[in-house]
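I'm opening my notebook on this one and jotting things down as I look them up.

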Amino acid sequence: MQLMKDTLKAIGGLDQKAMDAAKARVDKLVKPPGSLGRIEDIAIQLAGITGDVFTSVDNKAVIVMAADHGVYSEGVAPNPQAITAIQTMNMVKGVTGVCAFAKQAGAKVVVVDIGVMEDINLAGIRNNKIRYGTSNMRKGPAMTREEAIKSIEIGIEVANEEIDKGANCLAIGEMGISNTTASSAIIAVIGNFKPQEVVGVGAGLPIHQLGYKAEVIRDAINHNLPNSKDAIDVLAKVGGFEIGGMAGVILAAAAKRKPVVIDGFISYASAFIAAMLEPKAKDFMIVSHMTAEKGGAKALEYLGKKPLLDLGLRLGEGSGAVLAFNILEAATYMVKEMVTLEESGIVLG
Ligand SMILES: O=C(O)c1ccc[n+]([C@@H]2O[C@H](COP(=O)([O-])O)[C@@H](O)[C@H]2O)c1
Ligand SMILES: Cc1cc2nc[nH]c2cc1C
């Protein structure tokens, strides 16, 4: 509890002076003003986050949180639950989607078992298992309030360790069969949406079963009555361990003034939790992409964040976030590598 409290307290606002200086430089670079579009906005945001106009994001890490969900037993996911454990192991073997993109982007993949159903004994996986999957939220709370706080604090600890080891840019990712059900529930409760507005097919549920998935979420909300003004209560009653873990990573990044790249639908739910705990955390988030999951657009509108990419992605794992690392790094190269109009003797008309 103390770690979460201290982390929340340490989150400040963006550095306006650095942002003004970054804007002044970006406007002077050898290009028509504004012609590098949102790359310019990112450069300015990165300056505001780090306090440094000439900042670097060359030490990148994606933190992948893996956990299982009791609500799987309600038949809300199309795939075997054992895939959570198998994919978690595949993460350290370097053979998943996020690993492929991380290799290309030169990013480290940090894998955390925060609540997988099985024991995984494989070197390279952090064992922070809270328990063997959450409880079925249709029948009762997914987890206790203490477990919800613990999940957030595990995320904070892992992120702090990576930052202490030198990471200057983080991304969040996850693996958890059924976690689109928990994410839809969180987004519905906090955003005040009807479950059917934000429920999607996840990892391939047949479309005719969407109504049933929404009904399970409705039942879970009606049964547990999460307090929509209390992020921990929402996380505990209808959330997941990996969702709490990713919220913790966001909060730690914000407290240590590092950019944190948000991945797909499940990480949007984590962003909802983090932003409710400390609204200033939103300033440190960069949303990599628009998920193809149905509720994505509504979720991002509620968060007030614009995605960088829209490529029809719905894999999760942090795959889209890692793709966006390249864009962030390009923004830092723009600031450092380009000369100014003046240095080139160019006077614009
Ligand atoms: O990132 C996304 O937007 C996304 C959208 C749909 C599914 N997923 C991934 O698929 C799994 C959850 O899907 P489901 O159908 O089991 O709830 C989980 O492991 C996620 O990483 C991810
Ligand atoms: C194969 C598979 C890989 C995944 N990665 C993230 N969620 C996933 C779901 C499935 C089913």
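This is a predicted model: local features need pLDDT of at least 70, side-chain atom pairs count only at pLDDT 80 or more; totals for chains, interfaces and linings use all residues.

Around ligand 2 I found Asn 79, Ile 83, Gln 87, Met 175, Ala 203, Leu 315, Gly 316 and Glu 317. I sorted that shell by class and got 4 nonpolar, 3 polar and 1 charged residues.

Next I checked ligand 1. I listed 23 residues around ligand 1, and the ones that come nearest are Thr 180, Gly 202, Gly 264, Thr 291 and Gly 316. Which element gives the largest share of the shell around ligand 1? I noted α7, with 3 residues. By class, the shell of ligand 1 splits into 10 polar, 8 nonpolar and 5 charged residues.

Then I turned to a pair of helices. Helix α6 (residues 145-164) packs with helix α11 (residues 241-255) at about 45 degrees, and their axes are 6 Å apart. The crossing of α6 past α11 is right-handed. I counted up the contact by class too: 13 nonpolar, 6 polar and 1 charged residues. On the α6 side I spotted Ala 148, Ile 152 and Glu 153, among others. Their partners in α11 include Phe 241, Met 246 and Leu 251.

Last, I looked up the confidence. The protein chain averages a pLDDT of 98, and 100% of the residues score at least 70. For the complex, the predictor gives an ipTM of 0.99 and a pTM of 0.99.

Terms used: Residues are numbered from 1 along each chain as its sequence is written. Chains are lettered from A and ligands numbered from 1 in the order in which they are written. A residue is near a molecule or strand if its C-beta atom, placed from the backbone, lies within 6 Å of it. Ala, Val, Leu, Ile, Met, Phe, Trp, Tyr, Cys and Pro count as nonpolar, Asp, Glu, Lys and Arg as charged, and the others, Gly among them, as polar. pLDDT is the predictor's confidence in each residue, from 0 to 100. Helices (H or I, at least four residues) and strands (E, at least two) are DSSP runs, numbered from the N terminus. Axes are lines fitted to C-alpha atoms, for helices over the stretch in contact, and angles run from 0 to 180 degrees between N-to-C directions. A crossing is left-handed if the near helix is turned anticlockwise from the far one by less than a right angle, and right-handed if clockwise. Two residues are in contact if their C-beta atoms, placed from the backbone, lie within 7 Å.
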